[in-house]
Amino acid sequence: MTLDLSGRVAVVTGASRGIGYFIAKELAAAGAHVIAVARTVGGLEELDDQIKADGRGQATLVPLDLTDMAGIDRLGGAIHERWGKLDILVANAGVLGVISPIGHVEAKTFEKVMTINVTSTWRLIRSVDPLLRLSDAGRAIILSSNAAHSARAFWAPYAASKAAVETMMRSWAHETETLPLRVNAADPGATRTAMRAQAMPGEDPETLPHPSEIARRIVPLASPELKETGLIFQAKHNRFVAYRPPE
């Protein structure tokens, strides 16, 4: 079934490249008005050109560094003033930091990972939660990673940040489970992105799925028909999985 998001308003962070770029493009192709957030103006302008060329959806470009917490607050206010609601949130922006023994990670690197991956995600949720509650079918998609569960050696800052993000998502989902709002995490799996190349420089990128393919699998989580909440969507396997207590 073709996804129809006509008349729906979506925020996508990290929209200037990689998975976020293609999620924004797919949402617009389904008819949504995409509020595309990223630091890189050139990437946002390229996205806007692609959306216009596709000829269905529209985009509002928001150049914003997600370390600017007051700017995230202003974003929520501007959305309320212009649209009076928000239908879709895709919290995609994130940084890897370094692959390093935890005792060798510099404080400024650890703080940057936590600020962008965790604190800005919380601030974004805080800013748009009231707007998503005003939608008839609010949908939140929080990008995560299998690193949150594997806790691989040398990945501690990134893994810890994604574990924190998933925990916030689960709490938020429980808080809103009686509302029309559905909140889920999405694990894209290994994908042909710049972040993956940074983490695995010796890997052949051609062996990995293109971010456009992963985006097409994730975007249906924005459907007003979606019932699931508080789960992880594994894009690699195209399925939802539930959490369970430690054994």
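Visitor: How many residues of E5 are buried?

Guide: In this predicted model, E5 is mostly covered, with 5 of its 5 residues buried. The term buried denotes a relative accessible area under 20%. E5 comprises residues 139–143.

Visitor: Which residues of E5 point one way, and which the other way?

Guide: The general idea comes before the case. In a regular strand, side chains alternate between the two faces of the sheet. In E5, Arg139, Ile141 and Leu143 are directed one way, while Ala140 and Ile142 are directed the other way. All of these residues are buried.

Visitor: Which strand is joined to E5 by bridges, and do the two run parallel or antiparallel?

Guide: E4 and E5 run parallel and are joined by 4 bridges. Leu89 stands opposite Ala140 in E5, and the bridge partner of Ala91 in E5 is Ile142.

Visitor: How are the residues of E4 arranged, and are they buried or exposed?

Guide: Strand E4 covers residues 88–91. Ile88 and Val90 point to one side, Leu89 and Ala91 point to the other, and all four are buried.

Visitor: In what sense do E1 and E4 pair, and over how many bridges?

Guide: Strand E1, residues 9–13, pairs with E4 in the parallel sense over 3 bridges. Val11 stands opposite Leu89 in E4.

Visitor: How many bridges join E1 to E2?

Guide: E1 and E2 run parallel and are joined by 5 bridges. Within this pairing, Thr13 stands opposite Val37 in E2.

Visitor: Which residues lie on one side of E2 and which on the other?

Guide: His33, Ile35 and Val37 lie on one side, with Val34, Ala36 and Ala38 on the other; all are buried, and both faces are covered.

Visitor: Where is the place of Phe233, and is Phe233 buried or exposed?

Guide: Phe233 belongs to strand E7. Its relative accessible area is 4%, so Phe233 counts as buried. Leaving aside residues up to four places away in sequence, Phe233 touches Ala185, Ala186, Asp187, Arg217, Ile218, Leu221, Asn238, Arg239 and Phe240. One of these, Arg217, is 16 residues from Phe233 along the chain, and their C-alpha atoms are separated by 9.4 Å.

Visitor: Where is His237 placed?

Guide: His237 is in the loop between strand E7 (232–234) and strand E8 (239–241). With a relative accessible area of 43%, His237 is partly exposed. From C-alpha to C-alpha, His237 is 23 Å from Leu96 in space, and the two are 141 residues apart in sequence.

Visitor: What is phi of Ala151, and what is phi of Phe154?

Guide: Ala151 has a positive phi of about 50° although Ala151 is not a glycine. Phe154, also a residue other than glycine, has a positive phi near 80°. Ala151 lies in the loop between helix H5 (147–150) and helix H6 (156–175), and Phe154 lies in the loop between H5 and H6.

Visitor: How many helices and strands are in the protein chain, and what is its radius of gyration?

Guide: The protein chain has 8 helices and 8 strands. A compact globule of 247 residues would have a radius of gyration near 18 Å, and the 17 Å of the protein chain agrees with this. The C-alpha trace spans about 50 × 40 × 40 Å along its principal axes.

Visitor: What percentage of the residues is buried, and what share of contacts joins residues at least 24 apart?

Guide: Of the 247 residues, 50% are buried. Among contacts between residues at least 6 apart in sequence, 70% join residues at least 24 apart.

Methods:
Residues numbered from 1 in each chain as written. Heavy atoms only, no water. Rg over C-alpha atoms; globule rule 2.2 N^0.38 Å. Buried < 20%, exposed > 50% of the residue type's maximum accessible area, 1.4 Å probe, protein only. Contact = heavy atoms within 4.5 Å. Pairing = 2+ DSSP bridges.
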